[in-house]
Amino acid sequence: MDVKAKVIALIEEGGFSAAQAGERYGVATRTASRRLRVFENKVLRKIFGAKRDEVTGEWRKLHNTELHALYSLPDIIRNLKSRRLRWAGHVARMGESRNAYSVLVGRPEGKRPLGRRRRRWEDNIKMDLREVGYDNRDWINLAQNRDRWRAYVRAAMNLRVP
């Protein structure tokens, strides 16, 4: 069983998938993305196990840099951002008559609670595109061109997340 399959099995064993974790935490806030990263490191530590220290000969936990050197795939935050952009491009190409499109770009109705307004899906997508270098407001027209959109999705996958 390869490493990726083990990660997926452990995540599913935990009761939720990576996509559900992204939806649950929104991955828009720093604390949420930190929680997901901590969870991912915990799963990777279970998979790779402990390491014997060369100097003292004692067993110790793997450091984060060692974990990521072993795993070598993009972390969960980059994966979620890339998938969110891919889904948004798919929905943007559907057209305005579809329900998924209205959920993506729609405005919530009714009275909003006090405080900062809730972040919408569209706001998250604009923020992800800004991180990969697209500052234009009209991302829906960009999504109509599949090749250019795919380039931004790939850039989000390769993005270095703090």
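## Basis of the model

Helices (H or I, at least four residues) and strands (E, at least two) are taken here as DSSP runs, numbered from the N terminus. The structure is a predicted model, in which local features need pLDDT of at least 70 and side-chain atom pairs count only at pLDDT 80 or more, while totals for chains, interfaces and linings use all residues. Residues are numbered from 1 along each chain as its sequence is written, and side-chain values use heavy atoms, leaving out hydrogens and water.

## Overall architecture

The chain contains 9 helices and 2 strands. Followed along the sequence, these elements give the pattern α-α-α-β-β-α-α-α-α-α-α. The chain has 162 residues, of which 33% count as buried (under 20% relative accessible area; exposed is over 50%, and partly exposed lies in between, with a 1.4 Å probe and protein chains only).

## Confidence

The mean pLDDT (the predictor's confidence in each residue, from 0 to 100) of the chain is 79, and 80% of its residues reach 70 or more. Helix α8 (residues 139–144) has the highest confidence in the chain, at 91, whereas helix α2 (residues 18–25) has the lowest, at a mean of 45. The pLDDT is below 50 over residues 16–27, a stretch that has 26 contacts in the model beyond near neighbours in sequence.

Helix α4 spans residues 64–71, and its buried residues include E66, L67 and Y71. These three lie on the same side of α4 because they cover an arc of only 125 degrees around the axis, the arc being that of the directions from the helix axis to the C-beta atoms. T65 and A69, on the other side of α4, are exposed. The residue that follows α4 is S72, which has a positive phi, near 55 degrees.

Helix α3 covers residues 30–48; its axis and that of α4 come within 10 Å and cross at roughly 70 degrees (axes are lines fitted to C-alpha atoms, for helices over the stretch in contact, and angles run from 0 to 180 degrees between N-to-C directions). The two helices are therefore roughly perpendicular to each other (under 35 degrees is roughly parallel, over 145 roughly antiparallel, 65 to 115 roughly perpendicular and the rest oblique). On the α3 side, E40, N41, L44, R45 and F48 meet N64, L67, H68, L70 and Y71 of α4. The residues of this contact comprise 5 nonpolar, 3 polar and 2 charged (Ala, Val, Leu, Ile, Met, Phe, Trp, Tyr, Cys and Pro count as nonpolar, Asp, Glu, Lys and Arg as charged, and the others, Gly among them, as polar).

S33, L36, R37 and E40 of α3 form the contact together with I76, I77 and L80 of α5. Its residues divide into 4 nonpolar, 1 polar and 2 charged.

K81 is placed in helix α5, which comprises residues 76–94. With a relative accessibility of 8%, K81 counts as buried. Not counting residues up to four places away in sequence, K81 touches D128 and E131.

S82 also lies in helix α5 and is buried, at a relative accessible area of 7%. With neighbours within four places in sequence set aside, S82 is in contact with V153, A156 and M157.

N124 belongs to helix α7, residues 121–131. A relative accessible area of 9% makes N124 buried. N124 and K81 are separated by 43 residues in sequence, and their C-alpha atoms are 9.0 Å apart in space.

R120 is located in the loop between α6 (99–105) and α7. R120 counts as buried, at 13% relative accessibility. Apart from neighbours within four places in sequence, R120 is in contact with G106, R107 and P108. For R120 and G106, the separation is 14 residues in sequence and 8.7 Å in space, C-alpha to C-alpha.

Key. Contact means heavy atoms within 4.5 Å.
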